[in-house]
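Biologist: I would like to learn how to read a predicted model of two chains, step by step. Could we look at it together?

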Amino acid sequence: MPAFPPNAAQTQEPPDVALARAGLEREPYVSNGHNAVWVGDRIAAVIQNPAPTWWWVCLFIALGLAGFTGLGLIYLITTGVGVWGENRAANWAWDITNFVFWIGIGHAGTMIAAVLYLTRQRWATGINRAAEAMTIFAVMCAGIYPAVHVGRVWFAWYLAPIPNGNAIWPNFRSPLLWDVFAVSTYLSVSIMFWYVGLIPDAAAMRDRVQNKIGKYFYAMFCLGWRGSARQWANYEFCYLMLAGIATLLVISTCTVVSSDFSTSVIPGWHGTIFIPYFGVGAIYGGFCMLIILLVPIRQFYKLEDIITLRHIDLCCRFTLLMALLITYIYGMEFFIAYYGGSPNERHTFFYDRIRGPYWLTWYAMIFANSIIVQLFWMKKVRRNPWLAFCIVLVPSVGMWLERYVIIVVSVTRDYLPSSWGMFYPTWVDIMTFAGTFGVFFLLYLLFIRFLPVIAISEVRGALPEANPHHAPVVLAHDAPETDVTEVHHG
Amino acid sequence: MADAVALRPLVVPVGSPLPPNLYAVACEFAGPAEVYHAAEKIRDLGFKWWDCYTPYYVHGLDRAMGQRKSFVPWFTLAGGLGGLVGAFLLVVITSVWVYPMDTQGKPYFALPAFVPILDLVMILLSAIVSILGMTTLSLLPRLHHPLWEWDAFMRATNDKFFVVIEANDPKFNEKATAELLKQLGGTNLTFIGDVA
């Protein structure tokens, strides 16, 4: 008996079988055969090397942009919600559009980190940290809007279940209160999930950095992690539990956010399809944002062997899948409007959406979300990161347009024609929204500078050599001459 | 006398005079397979107070060490149930008895409308309690540990694998245990002492 199972080179296989076998073999998670030490060095180098010039340039741009949100909010709070374009017809407009847009981007991060972990998609180890960070910062951007759109933000604490002297209490039967619970729980649990994932990596950074402040910061951050097998056993179970909890939570949150709409009676909102609709839309927009983040990171920090072309390819495939699902849902909305027989629903879809004053938005949405992504059927496109980057910019805009169509087109044309109207954003609307991108990228840039952007210990654990039962493959020219199987040289 | 004790080094290679307050004998292994097989042998010899240190989770190592399944999922369950019951009481007591408010003709006790709140508080509490369970069972947070006196141990989070057998173990014997680790293939055999 040979010591190792004979491989293709040892057992003389016909060339077509060998070719088929090669085709079935999965690409490794880390390409070019790098080992665990290289993985740690390369990821830690992002933090330990001096910040590159582009990082400083991006940081200042993001900081400047974030200032717009700050100014917009100060102006709003000191003056009143009248500075936004909202009016009697459109009580909700950009505020809730932007809220749903950002919270959706968050959902994809949880989806990648938790659902792909539960389903044992180990390739996701390379991108889950980046995705979780995206979740947290996107939810922070989302959280700005529900907090300030109440008008008098200094009364926002009424939303919290705190005993008070006013003899009032939050109405737990209201979807808007569910929203408060959903968003705050989502943010809290996302931070916890992300933090637990970071503990072993922070310990690795503690043992690696030389400067005293850095060492102190990472030592505190990792809670004194030592990597003992007893700790790892508890840790892995905790991570598994949190992945399950986060999966449940992402479904709950998108259900609650969609319930803000579907529990009302506005035509175009009052539909049971809203829960999967928001879930799919969220994951779609989030995968687009993830590709936008990963492509520059892998390029500029030379992480191409960890965030491989296969990772980009798989993200593009997810994007395509979500595009097909959302196209189905767009179609199903029209079908139900036709089949349901409500004249108001029919008017909303067959007149307002496609021929009404906002018709251009609807066609732009269909082009961006359903059509352009069909390019991802081609492997060459999926494996070209910068091309994929340019393509997903379009559905990123498209997903914002989708929320705009759902919200503004529906509320400006409800049951009573005398209250119909139009919505026009003001400069405060535009400035505040543009600034949220600054807030998001500012936080993200700080994250990649100070914390490992890729889960070091998880990528190491997914390497073949990390398996204690892993036997190195014996190449034909390395095999001992005395082996009983016939050895072919060359 | 006390000063003399403090000056004795806490970390010494096996063979030198023992450090004060001997904590453990430790050694290094090159890879996960080596530490895995060593762990199986140490488990079979009946050691209890010992541990392996790895830079990443080595699958099956907990079983090779003879550990029981982690207790963390029970914390998750307890947190979830606690959150569910707590949220139910909060919502029902305030909505039905303390601050009954007639809004949109909805009943005071509207269980379907309470479900999202119950669900979300349950999730929040189960996540918090899972993490508290994990840190408690792992004896974290921790500001100091005798092993951190050992410079070689800095690589436990990078590329080296360690086995540490504590002096507390009933089967521990300085010479025999060090010899055992050597036979199992451990290198860089070291005695670790503790302050105070």
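## Reading two chains

Modeller: Let us begin with a single residue, bearing in mind that this is a predicted model: Arg120(A) is found in the loop between α4 (94–118) and α5 (128–148) of chain A.

Biologist: What is the value of phi in Arg120(A)?

Modeller: Phi of Arg120(A) is near 60°, which is a positive value in a residue other than glycine. Lys302(A) also has a positive phi, of about 55°, although it is not a glycine, and Lys302(A) lies in the loop between α9 (274–300) and α10 (309–340) of chain A.

Biologist: Does Arg120(A) count as buried or exposed, and how should I decide?

Modeller: The idea is to take the relative accessible area of the residue, where under 20% means buried and over 50% means exposed. Arg120(A) has 59% relative accessibility, so it counts as exposed. Lys302(A), with 53% relative accessibility, therefore counts as exposed too.

Biologist: Which residues does a cis peptide bond join in this model?

Modeller: The feature is read from the angle omega, and for the bond that joins Leu140(B) and Pro141(B), which is a cis peptide bond, omega is about -5°. As for its place in the chain, Pro141(B) lies in the loop between α5 (111–137) and β4 (161–166) of chain B.

Biologist: How many helices and strands does chain A have?

Modeller: Chain A has 16 helices and 0 strands. The secondary structure of chain B, by contrast, comes to 6 helices and 5 strands, and reading along the sequence of chain B gives the pattern α-β-β-α-β-α-α-α-β-α-β.

Biologist: What does the radius of gyration say about chain B?

Modeller: One compares the value with what the globule rule gives for a chain with that number of residues. For the 196 residues of chain B the rule gives 16 Å, and the radius of gyration is 25 Å, well over that value, so chain B is more spread out than a compact globule. The C-alpha trace of chain B spans about 85 × 40 × 30 Å along its principal axes. For chain A, with 490 residues, a compact globule would have a radius of gyration near 23 Å, and the 26 Å of chain A agrees with this; along its principal axes, the C-alpha trace of chain A spans about 95 × 55 × 40 Å.

Biologist: What percentage of the residues of chain A count as buried?

Modeller: Of the 490 residues of chain A, 57% count as buried, while in chain B, with 196 residues, 47% do.

Biologist: And how should I read contacts along the sequence within a chain?

Modeller: Here one asks how far apart in sequence the touching residues are. Among the contacts in chain A between residues at least 6 apart in sequence, 81% join residues at least 24 apart, and for chain B the corresponding share is 76%.

Biologist: How many residues of chain A are in contact with chain B?

Modeller: There are 57 residues of chain A in contact with 66 residues of chain B.

Technical notes: Residues are numbered from 1 along each chain as its sequence is written. Chains are lettered from A and ligands numbered from 1 in the order in which they are written. This is a predicted model: local features need pLDDT of at least 70, side-chain atom pairs count only at pLDDT 80 or more; totals for chains, interfaces and linings use all residues. Side-chain values use heavy atoms; hydrogens and water are left out. Helices (H or I, at least four residues) and strands (E, at least two) are DSSP runs, numbered from the N terminus. The radius of gyration is taken over C-alpha atoms; the globule rule is 2.2 Å times the number of residues to the power 0.38. Buried means under 20% relative accessible area, exposed over 50%, partly exposed in between (1.4 Å probe, protein chains only). Contact means heavy atoms within 4.5 Å.
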